[in-house]
Amino acid sequence: MSHEHDRVMILDFGSQFTKLIARRIREERVYCEIHPPTRSLAWIREWNPKAVILSGGPSSVYDPDVPTTDPALFRAGYPILGICYGLHLIAHLDGGKVHHGRREYGRAELSIEKPEGVFAGFVKGEKTTVWCSHGDHVDEPPPGYERLASTDTLPVAAFRAKDRPIWAVQFHPEVAHTLRGDEILSNFLFEVAKVRPTWTAGAFIEDTVERIREQVGDKTAICGLSGGVDSSVAAVLVHRAIGDRLTCIFVDHGLLRRHEREQVERLFRTHYDLKLVVEDASEAFLADLHGVVDPEAKRKAIGARFIDVFERAAKREGTRASFLVQGTLYPDVIESVSAGGPSVTIKTHHNVGGLPERLPFALIEPLRELFKDEVRQVGRELGLPEDFVGRHPFPGPGLAIRILGEVTEERLAVLRDADAIYLEEIRAAGLYDEIWQAFAVLLPVRSVGVMGDARTYENVLALRAVTSRDGMTADWYPFPHDVLGKISTRIINEVKGVNRVTYDVSSKPPATIEWE
């Protein structure tokens, strides 16, 4: 890196919250990376972290083939924070006893006994709400450690080493339900580890541009420009690094929102000096999706066709590209593959697992370690318009994964019209910027209705709107009833083929934001 940042290493033991730890650290302007627990102590020393965090995970320290780490790490001098399973691992490897059978899931009241270190700024005896998710527990700190906090059911909810900067908590400070979790993580970074907060959007751009130039050399690249925030920021970033050796290919796959192609062409042809090729491949994509109803099969079909379109368009334009630029983000990665720990795969994302094995390009994924709001910050730093940077996320497979069941031209037209009305009314009500993501979903069911005294049997449409901090967790948005009513009325009256509108009140988890 061109900037010398203090770095935090997160060892991932398989928690679905591991990326949230990274997100919270990034919010403090501290650079961090997630690595598998199989990293050797020599490798860790060479990477040279300023601090190390041990994540939670689904395992018990007594399970066979359990993920672990070198016990020598605890005497290597690094400030260490163990979270949930990380606490169990520290206790187990440093001479303590971990017990089975005291399950605690959800909110708990933490009682602070020693307001120091990670609990600096708290008051002795103070109670605060934390979020727990564990089946094992510790009744006594390991030898040489002392208790810092407890709950009604856990005699040891946090401990620290007396002679080393090792701290551990039984709960998850990275989740929003732990009310002062950000403060606890901040205390670890700045009070315990003395980390410097130097990692900014500007520093990221400089570092990434330098890295892309080294990676590409004198070769050329193509970028699949979807018009979304992620691919657009990636394109502008790579263009800054290699200039005219980047060709952007915008594929109209027939799965776009209303007027999206025109908006993208206008923005990039007018405001940016980018090589832009527009490829209309809608007939081919729709043919590939004929009869396909499984969401994973949809993604893989779309991914394979994208690569085929890229190859043909690049050859036609005389561009012998060696690299393919993608706008893959951190949440895409965690939901598709484990970052090294045994995290569970939720679904394949188009930008991650949907690509075919036969890939004629090396990948450039400059945003792979960023969360959505970090991408927006980078976009602003690069000079993209605010109304564009602030757009809601839109998936690479487009409307195909918002049509449950088979994708047809008729069903696309219904969803496209309904979705346009939905977003128009959200903007008219001044609610667009309060919502992380809003979209309509066409369901594979029909319902009976009455229109003009006649019986109808038509499509059911679901509306989805969520608030989120980072896309990893989300809550449904509580629309004012009059706004929701107006949206429903307009869709039913103006979109031919819809006679019923529902609103999705599921949070993530247990649901995902997208339906497929």
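## A buried valine

Because its relative accessibility is 0%, V52 counts as buried, a term that means under 20% relative accessible area with a 1.4 Å probe and protein chains only. V52 is found in strand β3, residues 51-54, where strands are DSSP runs of E with at least two residues and helices are runs of H or I with at least four, numbered from the N terminus. Not counting residues up to four places away in sequence, V52 touches M9, L11, L73, Y78, P79, I80, L81 and F188, contact meaning heavy atoms within 4.5 Å.

This is a predicted model, in which local features need pLDDT of at least 70 and side-chain atom pairs count only at pLDDT 80 or more, while totals for chains, interfaces and linings use all residues. Residues are numbered from 1 along each chain as its sequence is written, and side-chain values use heavy atoms, with hydrogens and water left out.

## An open parallel sheet

Five strands form an open sheet in the order β12-β11-β10-β13-β14, with parallel pairing; two strands pair if DSSP finds at least two bridges between them. At its edges lie β12 (275-280) and β14 (362-364), each of which pairs on one side only. Strand β13 (residues 323-325) is joined to β14 by 3 bridges, and L324 has L363 as its bridge partner in β14.

Helix α6 (residues 229-242) packs on this sheet and touches β10, β11, β13 and β14, its direction making about 160° with that of β11. Helix α7 (residues 260-271) also packs on the sheet, touching β11 and β12, and its direction makes about 165° with that of β12. These angles run from 0 to 180 degrees between N-to-C directions, with axes fitted to C-alpha atoms, for helices over the stretch in contact.

## Cores and helix α13

The largest nonpolar core has 51 residues, and those with the most contacts inside it include F310, Y422 and F479; such a core is a set of buried Ala, Val, Leu, Ile, Met, Phe, Trp, Tyr and Cys residues joined through side-chain atoms within 4.5 Å. Among the elements that give two or more residues to this core are α9 (295-316) and α13 (409-428). A second, separate core of 42 residues includes A234, V238, L274 and L276.

The buried residues of α13, among them Y422 and I426, pack against α8, β15, β16, α14 and β18. Just after α13, G430 takes a positive phi of about 70°.

Key. Buried < 20%, exposed > 50% of the residue type's maximum accessible area, 1.4 Å probe, protein only.
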